[in-house]
Amino acid sequence: MTTPPTLPATMRAWQYNTTSNGLEQNLQLNTVPLLQPEPNQHLVKVAYAAINPVDYKPAEIGFISRFLISKPATPGLDIAGKIVVPATGSGLQAGDLVFGCTGQSIFAGGSLREYALVSNSKSIVLAPEGMSLKDVSTVGVAGVTALQSLKPFVKAGDRVVVNGGSGGVGIYAIQIAKALGCSVTATCSSANVDLCLSLGADHVVDYRKQDVVEALQKSGPYDHVVDNVGADWSLYWRAPLYTTARAQYAFVGASPSFGLVGNVLRASLPSFLGGGQRKLNIITSVSLEKDLIQVADYMQAGQVKVVHDSEYSFEHVREAIQKQKTGRARGKIVIEVDGGP
């Protein structure tokens, strides 16, 4: 019989009660009682946690923060670590190294603490042998989002646009599109052109030097668009200029806003009433076992590599979030919580 692990009575956790003036301004590193899992929950000792825009954008919206997030709250979804108490009836065991998402609230997932709860057994999987926990900690949100924005919509030979190719999702999207047999044109700033090319992009549009739509119109037509930026809706409304009639538009990146809602509602109208001429798909990533495994398989096969923008210690989570909020991260920002297996 396996001896149950000896667990501490307390743990450290980043927590907030308000997001006034920005989430990072309100985070406090507190010592709190160790989490007690329900029978259907895993307790995971966190080795690494990756930062994503979803960790702060919804929390900084007043009505979401006030009514949909229980306080004190701990942000963070991406996780890699070791199971210390497995869920009842799970195939995962104490001591297994795992990665994925916490599977709790999408607004305050709770990965930025020394021990985390995983409520959904399908949102974490075994870490592949030979792969670092640091690398796989970045897959749960960004890798799975990239896969879900591409795989249902494309086939080998298709031509794909990845808007925002150097960000957390973009680095995965370029590589996964290539793994799916597609030709890829990525957009990015001048500083990131070489990065996108190194990830496999066939062509790169530098939005600082060219009008993106005009450049795509010259090099198109394209069969699918993945928009990881969401800052310029003209890219969607002008899509008929540079896409095929069957093309679809996967919308990934944007802060919740009235402008977002208005454009989505307008896009749903018939085209003769001013609606969209290309189907708009809002990608709200759900971390699923099969998708986590698929991305990890691409990584093991050498078809997808992780690009780490930076790594922060657990004590410097505030600085990591500040860096994420600049929008200038080249790849993934990772927090080393424990680091060891």
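Where is A329 found? In this predicted model, A329 sits in the loop between α11 and β15. A329 has a relative accessible area of 9% and is therefore buried, the cut-off being under 20%. Leaving out residues up to four places away in sequence, A329 touches S166, G167, D309 and K323. H308 is 21 residues away along the chain, and its C-alpha atom is separated from that of A329 by 9.0 Å.

Helix α11 itself spans residues 317–325. Its buried residues are V317, A320, I321 and Q324. These residues lie on the same side of α11, because they cover an arc of only 95° around the axis. An α-helix has 3.6 residues a turn, so residues three or four places apart point the same way. Several strands and a helix pack against the buried residues of α11. The strands are β1 (10–15), β3 (42–51), β14 (308–313) and β15 (332–336). The helix is α1 (23–26). After α11 comes G327, with a positive phi near 75°.

N52 is located in the loop between β3 and α2 (62–67). Its relative accessibility is 3%, so N52 counts as buried. The contact with K332 includes a polar one, side chain to side chain, at 2.5 Å.

Helix α7 (residues 212–219) also has a buried side. V212, V213, A215 and L216 are its buried residues. They share the same side of α7 because their arc around the axis is only 160°. The cover over these residues includes the strands β8 (159–163), β9 (183–188), β10 (203–206) and β11 (222–227). Helix α8 (234–237) is also part of that cover. At the N-terminal end, α7 is capped by D211. A side-chain oxygen of D211 lies 3.2 Å from the backbone nitrogen of V213.

A helix pair was examined next. Two packed helices are described by the angle between their axes and the distance between the axes. For α5 (residues 168–179) and α10 (residues 289–300), the axes come within 11 Å and cross at roughly 80°. Helix α5 is therefore roughly perpendicular to α10, a class that runs from 65 to 115 degrees. On the α5 side, the contact involves Y172, I176 and A179. On the α10 side, V295, Y298 and M299 take part. By class, this contact has six nonpolar residues, with no polar and no charged ones.

Some backbone features in loops complete the picture. Most residues other than glycine have a negative phi, and most peptide bonds are trans. A cis peptide bond joins K71 and P72, with omega about -5°. P72 is placed in the loop between α2 and β4 (78–85). Another cis peptide bond joins G220 and P221, where omega is about 10°. P221 belongs to the loop between α7 and β11. N21 is not a glycine, yet its phi is positive, at about 65°. N21 lies in the loop between β1 and α1. With a relative accessibility of 75%, N21 counts as exposed, because the cut-off is over 50%.

Notes: Residues numbered from 1 in each chain as written. Predicted model: local features only at pLDDT ≥ 70, side-chain atom pairs only at ≥ 80, totals over all residues. Heavy atoms only, no water. Axes fitted to C-alpha atoms, helices over the stretch in contact; angles between N-to-C directions. Helix = DSSP H or I, 4+ residues; strand = E, 2+ residues; numbered from the N terminus. Parallel < 35°, antiparallel > 145°, perpendicular 65-115°, else oblique. Contact = heavy atoms within 4.5 Å. Nonpolar A, V, L, I, M, F, W, Y, C, P; charged D, E, K, R; others polar. Buried < 20%, exposed > 50% of the residue type's maximum accessible area, 1.4 Å probe, protein only. Arc of directions from axis to C-beta. Polar contact = N/O pair within 3.5 Å; in protein donor to acceptor, adjacent residues only side chain to side chain.
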